Structure formats: structure tokens, C-alpha cells
Amino acid sequence: YGEERFRMTCLRLFLSFMKIGFCSFGGMTMIPVINDEVLKYGWMTSAEVMDIVAVAEMTPGSLGINCATFVGLRTAGAIGALCASLGVMMPSLTLSMMAAHFILRLKGNRILESAMRGVRPASMGMLAAAAVTLAVTTFLPDGNTIAWNMILIAVISGVILIKGKLSIPKTILIAAVLGLILG
């Protein structure tokens, strides 16, 4: 009975978080749906859901995946976390795979190629805008004072990444240590 109940819980976690992924638009719009699903199955209390949402907001990554991982872990351990996380990612994975299928199928199509030529500069512009926004808030935290320590960390990290050919996770770790040292 215990093993069957565990399987059903994992299946419910997967299906519930897949529903959450399909029925919400990410971010804060997921909170009411997550709350309803978690309370419906009695996996947590309302207060525990709000605690998990708060922790999920503070940790890196998307709110949906973080909440799914935390709820799954608390409900059914590591397997539950995996099931809930896969469930919430299913809509994005499905749409990405469908888009990849059609893009590969239509490769060489003049209309698609023209659209992709238009998307590339727009994507680069969006990346540049995000980089400038992050740079301004990081290097000019109050709008007037230059944070020289942050500029130094960015330069050292950039040099290590490009010249040292270090992996991104290692570079992030070095930047974190530099942040602790240079504060």
C-alpha cells in the first residue's frame, strides 16, 4: 500500500504542476493556482505554501520550478521534487519541442528565414537592454556613487571567463568569493 500511495502522490504532483504550468503565465500568476492545488491535496497548509513561495522568490530560478521543487521535496522526497519540477516544465518543453520541430521542418523556407533575420536583432537588443539595466543598477547603486568594487569584480570575472577560459559556474563562484572579499 505504501508504494502504491507513493506512486499516486508522485503522479498527482506531476499532473498538478503540469496543470499549473499550462494554466498560469509564470511568476506571481502561479501563486493562486499553486495554493489551490497544494491545499486541495492536503500536501501543505496555507501558511506553509506562503513560506515556500517566499523562499522560492528569494532563490535563483523561476518561481514555478522553485515552488514545484520545494512542494515535491516536502511531499514525496527527491522523486516528488523531480516529478513536480518536470510537471511544471512540461508546457515549456512541449512548446519548445514543437517549435524546434517546425523550425527544422521549415528550414530553407524564405518566410521563416526572413522572420528569423528579424528576430535576431530584436533578441540582441533585448539582451543589450537587460545588460545595460543590470550594469546601471550594479555599478551605480544609488544613481550617483560609482561602485568601484563591483566594477573590479566584473572586470576580473570577465578576464577570467574570456582569457582563462574558465567555465561559467567556476567564474560565478570566483565572483562570489570576490564579492565576499571586496564587499
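**A walk along the helices**

Arg 105 is found in helix α4, which covers residues 63-105; helices (H or I, at least four residues) are DSSP runs numbered from the N terminus, as strands (E, at least two) would be. This is a predicted model, in which local features need pLDDT of at least 70, side-chain atom pairs count only at pLDDT 80 or more, and totals for chains, interfaces and linings use all residues. Residues are numbered from 1 along each chain as its sequence is written, and side-chain values use heavy atoms, with hydrogens and water left out.

Let us stay with Arg 105 for a moment. At 62% relative accessibility, Arg 105 counts as exposed, where exposed means over 50% relative accessible area, buried under 20% and partly exposed in between, for a 1.4 Å probe and protein chains only.

Moving on, we come to helix α5, residues 110-139. Asn 109 caps the N-terminal end of α5, with a side-chain oxygen 2.8 Å from the backbone nitrogen of Ile 111. A polar contact is a pair of N or O atoms within 3.5 Å; within protein, one must be able to donate a hydrogen and the other to accept it, and residues adjacent in sequence count only if both atoms are side-chain atoms. How far should the 30 residues of α5 span? At 1.5 Å a residue the expectation is 44 Å, and the end C-alpha atoms are 44 Å apart, which agrees. The expected span is 1.5 Å times one less than the number of residues in the helix.

Is Glu 37 buried or exposed? Glu 37 counts as buried, because its relative accessibility is 5%. Not counting residues up to four places away in sequence, Glu 37 touches Ser 16, Lys 19, Ile 20 and Trp 43; contact here means heavy atoms within 4.5 Å. Asn 35 also lies in helix α2, and at 15% relative accessibility Asn 35 counts as buried too. Leaving aside neighbours within four places in sequence, Asn 35 is in contact with Ser 46, Val 49 and Met 50.

Two packed helices are described by the angle between their axes and the distance between the axes. The axes of α2 and helix α3 (residues 46-58) come within 10 Å and cross at roughly 140°. Axes are lines fitted to C-alpha atoms, for helices over the stretch in contact, and angles run from 0 to 180 degrees between N-to-C directions. The helices α2 and α3 are therefore oblique to each other: angles under 35 degrees count as roughly parallel, over 145 as roughly antiparallel, 65 to 115 as roughly perpendicular and the rest as oblique. The passage of α2 over α3 is a right-handed crossing; a crossing is right-handed if the near helix is turned clockwise from the far one by less than a right angle, and left-handed if anticlockwise. Ile 31, Asn 35, Val 38 and Leu 39 in α2 meet Ser 46, Val 49, Met 50 and Val 53 in α3.

Helix α2 has another partner in α4, and here the packing angle is about 20°, with the axes 11 Å apart. That makes α2 roughly parallel to α4. Which residues make this contact? They are Met 30, Ile 31, Ile 34 and Val 38 of α2, together with Leu 63, Gly 64, Cys 67, Val 71 and Val 88 of α4. The crossing of α2 and α4 is right-handed.

Our last stop is the pair α6 (148-162) and α7 (168-182), with Lys 165 in the loop between them. Most residues other than glycine have a negative phi. Phi of Lys 165, however, is near 50°, a positive value. Lys 165 counts as exposed, at 70% relative accessibility. The helices α6 and α7 pack at an angle of about 155°, with their axes 10 Å apart, and are therefore roughly antiparallel to each other. The contact includes Ile 156 of α6 and Ile 174 of α7. These two are 18 residues apart in sequence and 9.2 Å apart in space, C-alpha to C-alpha. Ile 156 is partly exposed, with a relative accessible area of 29%. Pro 169, in helix α7, counts as exposed at 61% relative accessibility.
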